[in-house]
Amino acid sequence: MLTELPRLPEVDLEIILEAFHATAQSTDLNQRQWGDKARLQEIGVQVLHMALTAHYFSVKPNLSATEIQSKVSEVRHGGRIHEWVGRYDNLIRFVMDKDSPAERGQLFEAYVGALWYSKGMKATQKWISDLLGDNVYVKDEPDDTAQDVTGDSSQSPPQYSPTATTTSGPPHPSVAPAIPLAHVNELAAQRKINMTWEASFSGPPHMPIWTVRCLVNGQSYGEGTNANKKKAQAEAASNAYWNCPAFRSVPN
């Protein structure tokens with residue numbers, strides 16, 4: 001077992017918010033290019049099988065076809081995926097109704113699908129091979145499978161960039177993705193979270209620096225600082241989302 005997992009790769013922030021969030025709702029499959037979480041899981045199953053097969057195909061000395069099949073099956077059904085998900089705090093937070101090996105497997109498959117959609121096969125293969133930890137070089141083709149979500153390759157969509165860790169708690173502010181204020185407000189309304197604000201400024205009136213705190217049930221969970229009051233509020237809301245468990249826990 002690896003003592004330290006490789007960094008959890010980046011995927012599109014939109015996918016994290018819309019497909020993996022506990023409150024995500026089913027929508028028209030044609031509303032987004034990637035469809036829904038079920039579609040991501042379906043492609044993830046195929047991509048994961050290919051990545052595992054390619055990895056063990058590349059192990060030296062060569063494994064037989066039967067040995068490759070056995071190794072792939074061992075990873076898929078032997079508990080390693082369950083262990084990986086459990087050690088990625090920023091992945092296991094998306095476990096929904098029950099924490100079971102089957103659900104962790106489905107979550108992992110969907111994340112593999114999201115990674116393939118966001119970054120292509122080369123990045124997906126590297127992550128899977130790094131997780132397996134055999135120091136295997138997998139021959140690859142030029143990577144043209146990454147999807148252009150915006151239609152403009154010069155503008156990449158915002159990325160969700162969590163880190164692998166063995167401790168619990170919210171991601172560090174330097175790696176936590178910014179959660180839009182509108183999304184936090186909507187989630188607070190859905191879950192009946194009492195969210196209030198405290199704002200103050202320092203400096204001259206014509207050049208103030210605003211500090212806004214987001215309070216949940218009277219307790220401060222997020223703070224933002226900016227010359228623009230609304231931006232400070234948005235930063236505070238995003239930090240509160242990651243710091244307050246009520247936003248990310250599964251509702252009863």
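Residues are numbered from 1 along each chain as its sequence is written. In this predicted model, local features need pLDDT of at least 70 and side-chain atom pairs count only at pLDDT 80 or more, while totals for chains, interfaces and linings use all residues; side-chain values use heavy atoms, with hydrogens and water left out.

**Confidence**

- The chain has an average pLDDT of 78, and 75% of the residues score at least 70; pLDDT is the predictor's confidence in each residue, from 0 to 100.
- Residues 142–156 have a pLDDT below 50, and this stretch has 20 contacts in the model beyond near neighbours in sequence (contact means heavy atoms within 4.5 Å).
- Residues 163–168 also have a pLDDT below 50, with 15 contacts beyond near neighbours in sequence.
- Where pLDDT is low, the predicted coordinates should not be read in detail.

**Helix 3**

- Helix 3 spans residues 65–77, 13 residues in total, and reaches 18 Å from its first C-alpha to its last, close to the 18 Å expected at 1.5 Å a residue. The expected span is 1.5 Å times one less than the number of residues, and helices are DSSP runs (H or I, at least four residues) numbered from the N terminus.
- I68, V72 and V75 of helix 3 are buried; buried means under 20% relative accessible area and exposed over 50%, with a 1.4 Å probe and protein chains only.
- Seen down the axis of helix 3, the buried residues fall within an arc of 65°, so they line one face. The arc is that of the directions from the helix axis to the C-beta atoms.
- On the face turned away from the buried side, helix 3 carries the exposed residues T66, Q69 and H77.
- The buried residues of helix 3 pack against helix 2 (37–57), helix 4 (80–87) and helix 7 (121–132).

**Nonpolar cores**

- The largest nonpolar core has 37 residues, and F20, F108, W127 and I128 have the most contacts inside it. Such a core is a set of buried Ala, Val, Leu, Ile, Met, Phe, Trp, Tyr and Cys residues joined through side-chain atoms within 4.5 Å.
- Helix 6 gives the most to this core, with 9 residues.

**Cysteines**

- The structure holds 0 disulfides, a disulfide being a pair of cysteine sulfur atoms within 2.5 Å.
- The sulfur of C244 is 8.3 Å from the closest cysteine sulfur, in C214, too far for a bond.
- C214 counts as buried at 0% relative accessibility, and C244 is buried with a relative accessible area of 3%.

How values were computed:
Helix = DSSP H or I, 4+ residues; strand = E, 2+ residues; numbered from the N terminus.
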